[in-house]
Amino acid sequence: EDLDPYGCQLWPSGYVAAECLSKMDLQGQAVLELGCGPGLPSLVALRRGAKSVQATDVNPLALELVSKSVELSFGGERPREFSTRLLDLNGCDRLPRADVVVAADMLYDTATAQLLGRLARDAVAEGNATVIVTCPGREAGRRAFLSAYGGPAAKGAFVHHEPSEELLNFGDGLLGGAHKNLGVAQLGRT
């Protein structure tokens, strides 16, 4: 089977999304991670006390990896608050209900960015959700996302994110210079 190996790698945007979640009060919140890859934001959400965390991806291997990571992080047991779901946004009319929706590094092409923008807009409108989107400088993707998301809250939504010193030093400088163009948009309920 021809699966995208890029979805199984932890990218700088995933670190930044996890860092954003680490600063939020997630007690009693339902968290949905789109395009989870190895799922670091999902792990952080579980550790921050989210009432439920659903990691989604189009790649079954990514879902196996995040499931194994969660089990290892929780002493070999899979927390009942955690679930995975095979999800292709291209066949999606609406996102599963969540209080916090996270999408790290998903604005790689304009079609996906537009679709994600529309789905994020609808999630905010329907459920008063917070949507966190991280993007490593893909300006065309950011513009497409914000155009589809629409509304005054979208103007200037992506702000440069300077990762914490702790994150920059993680894994002996694993991020390298990749963090220089990272942007974060936090939309909806904040």
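Visitor: Which cautions apply to the numbering and the values?

Guide: The model is predicted, with local features needing pLDDT of at least 70 and side-chain atom pairs counting only at pLDDT 80 or more, while totals for chains, interfaces and linings use all residues. Residues are numbered from 1 along each chain as its sequence is written, and side-chain values use heavy atoms, with hydrogens and water left out.

Visitor: How many helices and strands does the protein chain have?

Guide: Helices (H or I, at least four residues) and strands (E, at least two) are DSSP runs, numbered from the N terminus. Here the protein chain has six helices and seven strands, and from the N terminus on its elements follow the order α-β-α-β-α-β-β-α-β-α-β-α-β.

Visitor: Which strands pair with strand 2, and in what sense?

Guide: Two strands pair if DSSP finds at least two bridges between them. Strand 1 (residues 30–34) pairs with strand 2 in the parallel sense over four bridges, and the bridge partner of E33 in strand 2 is A55. Strand 2 also pairs in the parallel sense with strand 3 (residues 82–86), over five bridges, and there the bridge partner of D57 in strand 3 is L86.

Visitor: What units do these strands make with the helices?

Guide: A crossover is right-handed if, with the strands pointing away from the viewer, the path from the first strand over the helix to the second runs clockwise. Strand 1, helix 2 and strand 2 make a right-handed β-α-β unit, and strand 2, helix 3 and strand 3 make a right-handed β-α-β unit as well.

Visitor: How is the packing of helix 2 and helix 3 described?

Guide: Two packed helices are described by the angle between their axes and the distance between the axes. Axes are lines fitted to C-alpha atoms, for helices over the stretch in contact, and angles run from 0 to 180 degrees between N-to-C directions. Helix 2 (residues 40–47) and helix 3 (residues 60–73) pack at an angle of about 35 degrees, with their axes 10 Å apart. The contact (heavy atoms within 4.5 Å) is made by L43, L46 and R47 of helix 2 and by S69, V70 and S73 of helix 3.

Visitor: Is strand 2 mostly covered or uncovered?

Guide: Buried means under 20% relative accessible area, exposed over 50%, and partly exposed in between, using a 1.4 Å probe and protein chains only. Strand 2 (residues 52–57) is mostly covered, with five of its six residues buried, and in the protein chain as a whole, buried residues make up 50% of the 190 residues. In helix 5 (residues 139–149), the buried residues include R142, F145 and Y149, and just after helix 5, G150 takes a positive phi of about 65 degrees.

Visitor: Why does D105 count as buried, and what is it in contact with?

Guide: D105 counts as buried because its relative accessibility is 16%. Its place is in the loop between strand 4 (100–104) and helix 4 (110–127), and, leaving aside its neighbours within four places in sequence, D105 is in contact with W11, S13, T134, P136 and R138.

Visitor: Where does E71 lie, and what is it in contact with?

Guide: E71 lies in helix 3 and is partly exposed, with a relative accessible area of 25%. Leaving aside its neighbours within four places in sequence, E71 is in contact with G76, E77 and R78.
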